[in-house]
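Here is my note on the model you asked me to look over. Please read it with the sequence and the structure open beside you.

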Amino acid sequence: MEFYLVKGGCPLTGEVEIAGAKNAALAILAASIMTNETVTVENVPDVSDIRAILRVIEMIGGYVEKIDRHTYRINGSGIRSDVEVNNDLVRRIRGSYYLIGSLLGKYKSAAVAMPGGCNIGPRPIDQHIKGFRALGAAVRVAPPGLVAKASHLRGAHIYQDVVSVGSTINIMMAAVLAEGTTIIENAAKEPHVVDVANFMNSMGARIKGAGTDVIRIRGVERLHGTTYSIIPDQIEAGTFMFAAAATRGDVVVKNVIPKHLESLSAKLIEIGCQVIESDDKVRVSATGRLGKTNIKTLPYPGFPTDMQPQITVVLGLSGGTSIVTENVFESRFKYVDELAKMGASITVEGNSAIIDGVESYVGAHISSPDLRAGAALVIAALAAHGSSEIYDIHYIERGYEDFPEKLRALGADIVKVDTDKDEFGQKLVRVV
Ligand code: UD1
């Protein structure tokens, strides 16, 4: 069994390089099979969710060539139009639902197992289905999961009932190869929605307005090959910014787009950190105890739900009472019980966490309930007095490339440990 062993108490200092955005990469890789020409994608993060979608593309007949750790050449010409996407990897990751939009757009037919992803509350896909139906597809829940078929797709005016990143991107993908114009209203504005639109435009799509709440897509007959580099990961960057704050360190987070981090920088400044932005870097430093604040998670440009556990960990050490309200997902406070084992004083009422800041956390044995909460618990362990063991780190590895290595380069005392039992049942411990 693998876990992270963390000895807390070292302020993080130095520089860290941020990888490509996982959530953009999942969609871009799924969209890359929409042409029969070769697509080269650069700045692909080396994390397990991405390795999973690349493997799925191969398993359904796509050609995937690894040029280097972060660059892939993909060709979707070998994928049959009646392919069924049905394997355990699809059910493990959330981003696999983008194969519905890409296959439906390309072949007017998609049969894909239901997606998985972190258990952070109900994650319906009704808005995706509503969009595909509006484009003229017959959609039903049937083996292997969701089956969508159309004789042809035609542009439509689609109003999204909720702001959803997944459905905005999925509908955009299907609409790119539909006849006529599609308008998506109440669209998500996240940086990765813009990145996917830019990627598809570089393949010949005609998408306008991505990054606003109205996206217009003029359907084209076919897409062509391209070379494209994925934007930096806003959430990985934010995680290191909050790790710097929690440990009262001084970290330069490199290869970022500071504009994407504004909601995070604003809160860090409000609670007493120093944040200095330059072209593609942001430096976060903190001295002394930080202050309280209130947070409400919202779609972009609001405070991201994927940063909610990390800021809660920081506020758990701040002076005074803070309130964090989760507006996007229902069950995103499961990690609070783990944080309580480290001495945090947090009460969850409905979708709010009321946080009474404590002077310090103490090391404990804790488990990651999901990807972002797992990263947040690592931050807590880095700031704590004493040693912590963090289990279920496979969640963290879904979305953070070289997490312990990057933290170690900033002075953290963290190692990944593998334990096993020998023939006499004795615990064997090995640093991985
Ligand atoms: C994506 C991200 C996830 C992030 C989330 C919000 C990926 C792989 N995952 O997840 O990391 O936390 O965006 O930024 O990119 N909803 C519906 N019906 C739908 C779709 C969504 O009611 O058809 C609701 C959801 O339950 C949720 C809200 O809309 O309450 C936002 O969900 P959405 O933006 O779609 O999140 P995901 O695409 O699942």
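1. Basis of the note. This is a predicted model, in which local features are reported only at pLDDT of at least 70 and side-chain atom pairs count only at pLDDT 80 or more, while totals for chains, interfaces and linings use all residues. Residues are numbered from 1 along each chain as its sequence is written, and side-chain values use heavy atoms, with hydrogens and water left out.

2. Domains. The protein chain is divided into domain 1, made of 2-19 + 233-431, and domain 2, which covers 22-229; the bounds come from an automatic or database domain assignment. The centres of the two domains, taken over C-alpha atoms, are separated by 30 Å. To the contact between them (heavy atoms within 4.5 Å), domain 1 gives 23 residues and domain 2 gives 24 residues.

3. Area of the interface. The size of an interface is often given as the accessible area lost when the parts come together. Between domain 1 and domain 2 the buried area is about 1,900 Å², with 51% of it from carbon and sulfur atoms; buried area here is the accessible area (1.4 Å probe) that two parts lose on being put together, summed over both. On the side of domain 1, Tyr-300, Arg-398 and Glu-401 lose the most area to domain 2, and together they account for 36% of what that side buries.

4. Asp-49 and Arg-398 form a salt bridge in which the closest N and O atoms are 2.9 Å apart. By class, the side of domain 1 that touches domain 2 has 7 nonpolar, 5 polar and 11 charged residues, where Ala, Val, Leu, Ile, Met, Phe, Trp, Tyr, Cys and Pro count as nonpolar, Asp, Glu, Lys and Arg as charged, and the others, Gly among them, as polar.

5. Helices (H or I, at least four residues) and strands (E, at least two) are DSSP runs, numbered from the N terminus, and two strands pair if DSSP finds at least two bridges between them. An open sheet of 4 strands runs in the order 6-7-9-8, with mixed pairing. Strand 6 (84-85) and strand 8 (138-142) are at the edges with a single partner strand each, so one side of each has no neighbour in the sheet. Strand 8 pairs with strand 9 (residues 145-149) in the antiparallel sense over 5 bridges, and Val-139 has Ala-148 as its bridge partner in strand 9.

6. The peptide bond joining Pro-143 and Pro-144 is cis, with omega about 5°, and Pro-144 lies in the loop between strand 8 and strand 9. A cis peptide bond also leads from Tyr-300 to Pro-301, with omega near 10°; Pro-301 is in the loop between strand 18 (294-296) and helix 10 (308-315).

7. Salt bridges overall. In the whole structure, the search finds 23 salt bridges. Arg-283 and Asp-250 meet through their side chains in one of these, at 2.8 Å from N to O. This pair links distant parts of the chain, with Arg-283 in strand 17 (residues 281-285) and Asp-250 in strand 15 (residues 250-254), 33 residues apart.

Key: A salt bridge is a side-chain nitrogen of Lys or Arg within 4 Å of a carboxyl oxygen of Asp or Glu.
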